[in-house]
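Colleague: Could you walk me through how to read the features of this model? I would like the general idea and then the case at hand.

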Amino acid sequence: MRDVSPNNKTNVDFESLIRFLIEYIKHPIKKISYLPDWNWQSLFTVQILMSLFSGFLAGLLKFNFYRMAAGVILMPIVSTVSSLIMSLFFYYYFQFFEKRTENYRKIFTLVILSSIPFYLFQILSEYFSFVSLIGFAMSSFLSIVGLCDNFKLERKRAYKIVGFIFLLVLLTWISNNLV
(Lines give C-alpha, C1' and ligand atoms only; values in the text may rest on other atoms or scores of the structure.)
Protein backbone atom coordinates (compact mmCIF):
# COMPACT_ATOMS: atom_id res chain seq x y z
CA MET A 1 0.00 0.00 0.00
CA ARG A 2 1.69 3.18 -1.09
CA ASP A 3 0.62 6.75 -0.59
CA VAL A 4 -0.29 8.19 -3.97
CA SER A 5 -1.71 11.45 -2.68
CA PRO A 6 -0.16 14.70 -3.88
CA ASN A 7 0.48 16.13 -0.38
CA ASN A 8 4.26 16.03 0.09
CA LYS A 9 4.63 18.49 2.96
CA THR A 10 6.78 17.18 5.80
CA ASN A 11 6.27 19.79 8.51
CA VAL A 12 3.65 19.93 11.22
CA ASP A 13 1.89 23.28 11.33
CA PHE A 14 0.75 23.30 14.97
CA GLU A 15 -1.09 26.59 14.63
CA SER A 16 -3.33 25.36 11.80
CA LEU A 17 -3.86 22.01 13.56
CA ILE A 18 -5.02 23.72 16.74
CA ARG A 19 -7.24 26.10 14.78
CA PHE A 20 -8.82 23.19 12.93
CA LEU A 21 -9.35 21.15 16.11
CA ILE A 22 -11.04 24.08 17.86
CA GLU A 23 -13.36 24.50 14.90
CA TYR A 24 -13.87 20.74 14.81
CA ILE A 25 -14.99 20.66 18.44
CA LYS A 26 -17.42 23.51 17.74
CA HIS A 27 -18.81 21.99 14.50
CA PRO A 28 -17.87 18.29 14.28
CA ILE A 29 -20.42 17.29 11.63
CA LYS A 30 -19.48 20.17 9.34
CA LYS A 31 -15.74 19.49 9.72
CA ILE A 32 -15.96 15.70 9.35
CA SER A 33 -17.78 16.22 6.05
CA TYR A 34 -14.70 17.85 4.49
CA LEU A 35 -11.55 16.13 5.69
CA PRO A 36 -8.34 18.17 5.78
CA ASP A 37 -5.44 17.08 3.59
CA TRP A 38 -2.85 16.64 6.34
CA ASN A 39 0.50 14.95 5.92
CA TRP A 40 1.41 11.82 7.88
CA GLN A 41 3.38 13.75 10.51
CA SER A 42 0.39 15.96 11.27
CA LEU A 43 -1.93 12.96 11.49
CA PHE A 44 0.32 11.09 13.91
CA THR A 45 0.84 14.27 15.94
CA VAL A 46 -2.91 14.72 16.40
CA GLN A 47 -3.43 11.02 17.13
CA ILE A 48 -0.65 10.76 19.70
CA LEU A 49 -1.37 14.07 21.42
CA MET A 50 -5.11 13.36 21.71
CA SER A 51 -4.53 9.91 23.17
CA LEU A 52 -1.75 11.17 25.45
CA PHE A 53 -3.97 14.00 26.69
CA SER A 54 -6.90 11.65 27.25
CA GLY A 55 -4.87 8.94 28.99
CA PHE A 56 -2.97 11.35 31.23
CA LEU A 57 -6.07 13.26 32.33
CA ALA A 58 -7.97 10.04 33.03
CA GLY A 59 -5.16 8.92 35.36
CA LEU A 60 -4.87 12.36 36.89
CA LEU A 61 -8.58 12.48 37.74
CA LYS A 62 -8.18 9.17 39.56
CA PHE A 63 -5.07 10.51 41.37
CA ASN A 64 -3.22 7.35 40.40
CA PHE A 65 0.39 7.63 39.28
CA TYR A 66 0.37 4.24 37.54
CA ARG A 67 -2.72 5.11 35.51
CA MET A 68 -1.17 8.45 34.54
CA ALA A 69 2.01 6.65 33.45
CA ALA A 70 -0.02 4.09 31.51
CA GLY A 71 -1.97 6.95 29.93
CA VAL A 72 1.25 8.59 28.81
CA ILE A 73 3.04 5.44 27.67
CA LEU A 74 0.44 2.83 26.68
CA MET A 75 -2.54 4.90 25.54
CA PRO A 76 -0.74 6.54 22.58
CA ILE A 77 0.69 3.22 21.43
CA VAL A 78 -2.51 1.21 21.76
CA SER A 79 -4.75 3.89 20.28
CA THR A 80 -2.42 4.56 17.34
CA VAL A 81 -2.21 0.86 16.50
CA SER A 82 -6.00 0.58 16.89
CA SER A 83 -6.53 3.55 14.55
CA LEU A 84 -4.17 2.06 11.98
CA ILE A 85 -5.99 -1.29 12.15
CA MET A 86 -9.41 0.38 11.87
CA SER A 87 -8.17 2.35 8.86
CA LEU A 88 -6.86 -0.85 7.31
CA PHE A 89 -10.25 -2.46 7.88
CA PHE A 90 -12.00 0.36 6.01
CA TYR A 91 -9.32 0.34 3.29
CA TYR A 92 -9.92 -3.33 2.54
CA TYR A 93 -13.66 -2.96 2.99
CA PHE A 94 -13.64 -0.50 0.09
CA GLN A 95 -11.52 -2.85 -2.01
CA PHE A 96 -13.50 -6.04 -1.40
CA PHE A 97 -17.07 -4.81 -1.04
CA GLU A 98 -17.15 -1.47 -2.85
CA LYS A 99 -14.73 -2.60 -5.60
CA ARG A 100 -12.63 0.57 -5.43
CA THR A 101 -9.45 1.79 -3.79
CA GLU A 102 -9.55 4.79 -1.48
CA ASN A 103 -6.64 6.83 -0.19
CA TYR A 104 -5.39 5.20 3.03
CA ARG A 105 -4.25 8.53 4.48
CA LYS A 106 -7.71 10.00 3.94
CA ILE A 107 -9.28 6.99 5.67
CA PHE A 108 -6.80 7.37 8.55
CA THR A 109 -7.75 11.05 8.79
CA LEU A 110 -11.41 10.08 9.12
CA VAL A 111 -10.64 7.51 11.81
CA ILE A 112 -8.53 9.97 13.82
CA LEU A 113 -10.99 12.84 13.63
CA SER A 114 -14.04 10.71 14.33
CA SER A 115 -12.35 9.24 17.42
CA ILE A 116 -11.93 12.64 19.12
CA PRO A 117 -15.27 12.42 21.01
CA PHE A 118 -14.21 9.02 22.33
CA TYR A 119 -10.95 10.46 23.67
CA LEU A 120 -12.76 13.34 25.34
CA PHE A 121 -15.31 11.08 27.01
CA GLN A 122 -12.63 8.52 27.90
CA ILE A 123 -11.26 11.01 30.44
CA LEU A 124 -14.32 10.52 32.65
CA SER A 125 -14.49 6.76 32.19
CA GLU A 126 -12.38 6.20 35.30
CA TYR A 127 -15.41 7.22 37.35
CA PHE A 128 -18.26 6.29 35.01
CA SER A 129 -17.28 3.41 32.74
CA PHE A 130 -20.37 3.75 30.52
CA VAL A 131 -19.23 7.23 29.45
CA SER A 132 -16.71 5.67 27.07
CA LEU A 133 -19.64 4.04 25.24
CA ILE A 134 -21.30 7.44 24.82
CA GLY A 135 -18.06 8.78 23.35
CA PHE A 136 -17.76 5.78 21.05
CA ALA A 137 -21.38 6.21 19.94
CA MET A 138 -20.66 9.84 19.04
CA SER A 139 -17.52 8.72 17.21
CA SER A 140 -19.59 6.13 15.36
CA PHE A 141 -22.09 8.74 14.18
CA LEU A 142 -19.25 10.97 12.98
CA SER A 143 -17.76 7.98 11.14
CA ILE A 144 -21.05 7.42 9.34
CA VAL A 145 -21.22 11.06 8.26
CA GLY A 146 -17.56 10.99 7.18
CA LEU A 147 -17.93 7.75 5.23
CA CYS A 148 -20.99 9.05 3.40
CA ASP A 149 -19.72 12.57 2.67
CA ASN A 150 -16.05 11.86 1.91
CA PHE A 151 -16.17 8.40 0.37
CA LYS A 152 -19.70 8.47 -1.11
CA LEU A 153 -20.70 5.33 0.75
CA GLU A 154 -24.44 4.63 0.82
CA ARG A 155 -25.89 5.70 4.17
CA LYS A 156 -27.49 2.27 4.70
CA ARG A 157 -24.15 0.52 4.18
CA ALA A 158 -22.36 3.01 6.43
CA TYR A 159 -24.88 2.35 9.21
CA LYS A 160 -24.41 -1.40 8.83
CA ILE A 161 -20.62 -1.40 8.88
CA VAL A 162 -20.25 1.13 11.70
CA GLY A 163 -23.14 -0.48 13.60
CA PHE A 164 -21.33 -3.83 13.40
CA ILE A 165 -18.16 -2.24 14.80
CA PHE A 166 -20.16 -0.55 17.57
CA LEU A 167 -21.81 -3.87 18.41
CA LEU A 168 -18.39 -5.52 18.76
CA VAL A 169 -17.21 -2.71 21.05
CA LEU A 170 -20.42 -2.91 23.09
CA LEU A 171 -20.09 -6.67 23.55
CA THR A 172 -16.45 -6.26 24.57
CA TRP A 173 -17.40 -3.53 27.03
CA ILE A 174 -20.18 -5.67 28.54
CA SER A 175 -17.91 -8.70 28.90
CA ASN A 176 -15.18 -6.59 30.53
CA ASN A 177 -17.59 -4.99 32.99
CA LEU A 178 -19.33 -8.23 33.97
CA VAL A 179 -16.11 -9.98 34.92
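Colleague: Leaving aside its neighbours within four places in sequence, which residues is Leu147 in contact with?

Modeller: First, a word on the ground rules: this is a predicted model, where local features need pLDDT of at least 70, side-chain atom pairs count only at pLDDT 80 or more, and totals for chains, interfaces and linings use all residues. Residues are numbered from 1 along each chain as its sequence is written, and side-chain values use heavy atoms, with hydrogens and water left out. Contact means heavy atoms within 4.5 Å. With those sequence neighbours set aside, Leu147 touches Phe90, Phe94, Leu110, Lys152, Leu153, Ala158, Ile161 and Val162.

Colleague: Which residues touch the most other members of the largest nonpolar core?

Modeller: In soluble globular proteins, nonpolar side chains tend to be buried together. A nonpolar core here is a set of buried Ala, Val, Leu, Ile, Met, Phe, Trp, Tyr and Cys residues joined through side-chain atoms within 4.5 Å; buried means under 20% relative accessible area, exposed over 50%, and partly exposed in between, with a 1.4 Å probe and protein chains only. The largest core has 36 residues, and Ile32, Leu113 and Leu147 touch the most other members. Elements giving two or more residues to this core are α1, α3 (40-61), α4, α5 (104-114), α6 (116-122), α7 (131-151) and α8 (155-178). Helices (H or I, at least four residues) are DSSP runs, numbered from the N terminus.

Colleague: How many aromatic pairs does a search of the whole structure find?

Modeller: A pair of aromatic rings is described by the distance of the centres and the angle of the planes. Rings of Phe, Tyr and Trp (its six-membered ring) pair if their centres lie within 6.5 Å; planes under 30 degrees apart count as stacked, over 60 as edge-to-face and the rest as tilted. The search of the whole structure finds 18 aromatic pairs. Phe20 and Tyr24 are stacked, because their ring centres are 6.2 Å apart and their planes lie at 25°. Both residues are in helix α1 (residues 14-26), four residues apart, about one turn of the helix, and both are buried. Tyr93 and Phe97 have centres 5.4 Å apart and planes at 35°, so that pair is tilted. They too lie four residues apart in one helix, α4 (residues 65-97). Tyr93 counts as buried at 10% relative accessibility, whereas Phe97 counts as exposed at 55%.

Colleague: Where is the kink in α4?

Modeller: The bend at a residue is the angle between axes fitted to the seven residues ending there and the seven starting there. In α4 a kink of about 40° lies at Leu74, shortly before the proline Pro76. For the span, the expected value is 1.5 Å times one less than the number of residues. The 33 residues of α4 should span 48 Å, and the end C-alpha atoms are 46 Å apart, which agrees. Its buried residues, among them Met75, Pro76 and Phe90, have a cover that includes α3, α5, α6, α7 and α8.

Colleague: What is the phi of Lys152?

Modeller: Most residues other than glycine have a negative phi, and most peptide bonds are trans. Lys152 has a positive phi of about 55° although it is not a glycine. Its place is the loop between α7 and α8, and Lys152 is exposed, with a relative accessible area of 64%. Phe63 also has a positive phi, near 55°. Phe63 sits in the loop between α3 and α4 and is exposed at 74% relative accessible area.
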